[in-house]
Amino acid sequence: MPVLLMGNEAIARGAIEAGIRVATSYPGTPASEIMTALMHFGPEAGVYTEWSVNEKVAVEIAAGAAYAGARALVSMKQMGLNVAADAVMSLAYIGVKGGLVLVVADDPGPHSSQTEQDTRLFARFAKLPVLDPSCPREAYEMTKYAFKLSETLNLPVIVRPTTRVSHACQEVEVGTIPPRPPVPGFVKDPRWVIMPSLAARQHVWLNKQQERARAEFAASPFNAVQLEGPVGVIAGGPSYFYVTEALERLDVKLSLLKIGTPYPLPEELVREFLTRMERVLIVEEQEPVVEDQVIRLAWRNRLPVELSGKHDGYLPREGEFNVDRVAAALARFLKLEQENPAPGLPALPPLPARPPLFCAGCPHRGSFYAFKQAARDQEVIFTGDIGCYTLGAAPPLAAMDTCLCMGASLGLAQGLARVQPGTRLVAFIGDSTFFHAGLPPLVNAVHQQTPLVVVVLDNETTAMTGHQSHPGLATGTGQRAVDIARVARACGVETVLTADPLDLEATMAVARQALAAPGPALVILRHPCPQITKPATRYRVNADACTGCRTCIDELGCPALVPADGSVMINSTCTGCGLCAKICPAAAMEEVV
Amino acid sequence: MDILIAGVGGQGIILASRALASAAVTAGLAVRTAETIGMAQREGSVVSHVRLGVQEAGPLIPYGAADILLALEPAEACRNLKYLRPGGKALVSTAPVIPVLAALGSSPYPLEDILAYLQSNLSGCRCLDALALAREAGSPRTLNLVMLGALVNFGLPFPADVLLAEALKLLPASVHEMNRRAFELGRRALEV
């Protein structure tokens, strides 16, 4: 009996069946649920799991286990690979003993990311083989296979799902969890110590491994050929299914080459396909990774085949694909008239914009409101960071002037401070992000004595990605919580203050104190995320007292506050944070007892 | 059968799509879903694509292909009408979720126009005050179960009790009774 699995759960299942001993990760959409599932099912299978402080550390821990001959999995989102890049690039030269699989989830669209970078391109840059699943079931199979491949090649292997694999569900026939062989153990050997002389030798080895990987992929069941005449399509990842559906809609049959192993490309298989083709359209999301390799292959073999894809504008390099986009490209490629499948309906009424924003009761609302109030008479720049609190940029709070990447709030603020001495710099960073990438720039600010207020928005979780733990919490057995205030003091921050952001007066007081401090100051605004706590109370509006001034709506932008007949209504999403009651000039908000 | 579920982050759309998909797997059908997880979950527009009985297909429903549009919010119903196939059916909860931008007055929310548009342009559209039924069941949060209950009247490829059982598996036992009531109220509201 198959079970319904989300792509990320299927990957986790595949890894457990492959006998992993260690799994590490840092949360990031769309990869987070791989570790969530491993934490659920892993301990029973004897798998050590952890949310690591960041992706670089996560890769190093998994690599350490693999050095000792154990199988290990590390999962992250595409930009996490940038953080881990230093370790990954060198690890390709050093290699591994036990199977090491990096699952790196890409986010074309993007839905929940700062970039649309293509991990297949990164894999080629790092000279690591990469597998590109088309659906959750294939992600499960590829993950299991990736460990064998890693041990055959002694190289880390990347599995690259996209959002539409990671966050898609499908019925999957799962296998059994076999008993695992004992860990061989770490054997001391100069091969583990990278030196320029070793790197020079290993680079030759690494380049040879590319050809071994290519040979392995030549017979891979993840690649498949269907011949239907001299016009064809090469596709991989979820695009493969967009192509099969689009062809069905257009009612045409074309030759089809499915590529599940985009790098290194199995050249013999592709060459054989191309020799039978006159025209081929290459359909892949993001960068022309397969397309570039196919063009080079055709050129080097002087194959008389016309190759289309991104370079001649049939398909874009940006955004996410779907059946409609692929069908339009195929219709153009085949010079077919395409019927508009959308129903011909009259023009829609105007619809409300509905961007994401802070939940009702979110403590970040209080943090930003209080800091904006406290800094009202000053020239300030609020630098921001990655997390739920990035939504503080939205109106009406509009309290975030920059957002770049994990930890950049502190670094950008220091650069701005150097060239705008009259401006006060306030860097907002979440608790999990502070540990992930905030410590080196904090040390830097202390060392250089750069005037800067760091505000750690501590909601006691990694909220945006689904409420994962982090080093500031002790949620597992044997863990110890790392205290942010003590870390800051130990780094040499002299002004370290703490307040509850739902206590507006206290928060404004610490904000004023920090803004007046001479050197780097750090403020911890701590209140748990309302998504993981039960609301203690809620508020309602006394319609007789409400003057309809709309201060609450206009200042706070809380989704629980809705205009109603010249007054305001508080809807059922209220968690009783009380911010509206605190700022209401008419004292019209009452606690529901 | 392709079902597009539309609504607002926090309304329990992922639970609804998982329950439908699990029920279909129980009935021996091949299933694909695609969910909105991540940033948009924070009060943003969200959709789940649920494809039942499909083999060689991706998780995304093409435009103009959905058999059913299950909308937990009226503006989100309109926003996603492009997915509905000609002659497809829509089941819409009429209670609006007013976005902050509309509350601030910087974005329109013409509720009457939206409901009138749905009623007059979609012959297969059924509107339902699911919020009132959810309140009657015990909590506005059971709105998703009201809608699943109502949906069974549209002819699903598995029995209603299988769908309810799969939905309850995704909820803590403490709220089972309330959600059972919500499902039943929704089912009866549209019973022919």
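Q: How many residues does the contact take from chain B and chain A?
A: It takes 52 residues from chain B and 50 residues from chain A. Two residues are in contact if their C-beta atoms, placed from the backbone, lie within 7 Å. On the side of chain B that touches chain A, the elements giving two or more residues are helix 1 (13-26), strand 2 (31-34), helix 2 (74-79), strand 5 (84-93), helix 3 (100-103) and helix 4 (111-121) of chain B. Helices (H or I, at least four residues) and strands (E, at least two) are DSSP runs, numbered from the N terminus. This is a predicted model: local features need pLDDT of at least 70, side-chain atom pairs count only at pLDDT 80 or more, and totals for chains, interfaces and linings use all residues. Residues are numbered from 1 along each chain as its sequence is written, while chains are lettered from A and ligands numbered from 1 in the order in which they are written.

Q: How do you know how confident the predictor is in chain B?
A: Look at pLDDT, the predictor's confidence in each residue, from 0 to 100. Chain B has a mean of 95, and 100% of its residues reach 70 or more. For the complex, the predictor gives an ipTM of 0.97 and a pTM of 0.97.

Q: Why are strand 14 and strand 17 of chain A said to stand at the edges?
A: They belong to an open sheet of 5 strands in chain A, with order 14-15-16-18-17 and parallel pairing. Strand 14 (380-383) and strand 17 (495-499) each have a single partner strand, so one side of each is left without a neighbour in the sheet. Neighbouring strands are turned by 20° against each other on average, direction ignored.

Q: What makes strand 16 and strand 18 of chain A a parallel pair?
A: Strand 16 (residues 452-458) and strand 18 (residues 520-526) share 7 bridges in the parallel sense. One bridge partner in strand 18 of chain A is Leu522(A), for Val454(A). Helix 17 (residues 504-516) of chain A packs on the sheet, touching strand 15, strand 16, strand 17 and strand 18 of chain A. Its direction makes about 170° with that of strand 17 of chain A. Axes are lines fitted to C-alpha atoms, for helices over the stretch in contact, and angles run from 0 to 180 degrees between N-to-C directions.

Q: Where are the domains of chain A?
A: Chain A is divided into domain 1 (3-216), domain 2 (224-333), domain 3 (363-526) and domain 4 (538-592). Such bounds come from an automatic or database domain assignment. The centres of domain 2 and domain 3 of chain A, taken over C-alpha atoms, are separated by 48 Å.

Q: Which residues does UniProt list for "binding site"?
A: The unreviewed UniProt entry lists Cys546(A), Cys549(A), Cys552(A) and Cys584(A). They spread over 39 residues of sequence but cluster in space, with a largest C-alpha distance of 10.7 Å. UniProt positions are given in the numbering used here, feature names are shortened, and annotations may be inferred rather than shown by experiment. Cys546(A) sits in the loop between strand 19 (538-541) and helix 18 (551-556) of chain A.

Notes. Two strands pair if DSSP finds at least two bridges between them.
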